[in-house]
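Hi everyone, thanks for making time. Let me put the chain up on the screen, and then we can walk through it together.

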Amino acid sequence: MPWCTRCDRFLSPSTVTPTGECPRCGATVDPGHAHAAPPRADEAPPPIAAAPDDEITASDEETPLPIPWHFKLLVGALALYLGWRAVQGVEWLARLL
Ligand SMILES: [Zn+2]
């Protein structure tokens with residue numbers, strides 16, 4: 001099973017590029033046995049343009065991507081901001097009463 005250390009996820013052998021790279025980040029990974037028979041690629045060229053997207057989507061359903069760090073940072077900053085605004089709201093209410 002190919003493993004991409006940069007993406008920190010398993011790749012299904014069919015999604016690894018023929019040159020043995022991760023389809024998402026381009027890092028070199030162990031291609032496994034997906035492309036053990038390279039002559040077939042010349043005999044029957046598949047519709048390359050459409051296939052990779054479908055395969056990536058299929059693998060995403062199996063193993064969801066890890067949450068990116070910048071999304072966690074955004075959520076954390078939003079929580080801090082909304083918390084601060086809640087404190088300000090309580091102070092504003094206290095002044096009215
Ligand atoms: Zn990768």
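Of the contacts between residues at least 6 apart in sequence, 34% join residues at least 24 apart; a contact here means two C-beta atoms, placed from the backbone, within 7 Å. Please keep in mind that this is a predicted model: local features need pLDDT of at least 70, side-chain atom pairs count only at pLDDT 80 or more, and totals for chains, interfaces and linings use all residues. Residues are numbered from 1 along each chain as its sequence is written.

How far can we trust it? The average pLDDT of the chain is 79, and 68% of the residues score at least 70, where pLDDT is the predictor's confidence in each residue, from 0 to 100. Among the elements, helix α1 (residues 39-43) has the lowest mean, 56, while α3 has the highest, 96. Where pLDDT is low, the predicted coordinates should not be read in detail.

Now the layout. There are three helices and two strands, in the order β-β-α-α-α from the N terminus. These are DSSP runs numbered from the N terminus: helices are H or I with at least four residues, strands E with at least two.

On to burial. Buried residues make up 7% of the 97 in the chain. Buried means 20 or more other C-beta atoms within 10 Å of a residue's own, exposed means 12 or fewer, and partly exposed is in between, with C-beta atoms placed from the backbone.

Finally, two loop residues. D8 sits between β1 (3-4) and β2 (9-10), and its phi is near 60°, a positive value in a non-glycine residue. Most residues other than glycine have a negative phi. D8 is exposed, with 9 other C-beta atoms within 10 Å.

P66 is in the loop between α2 (51-62) and α3. The C-alpha atoms of P66 and D8 are separated by 8.0 Å, although the two residues are 58 apart along the chain.
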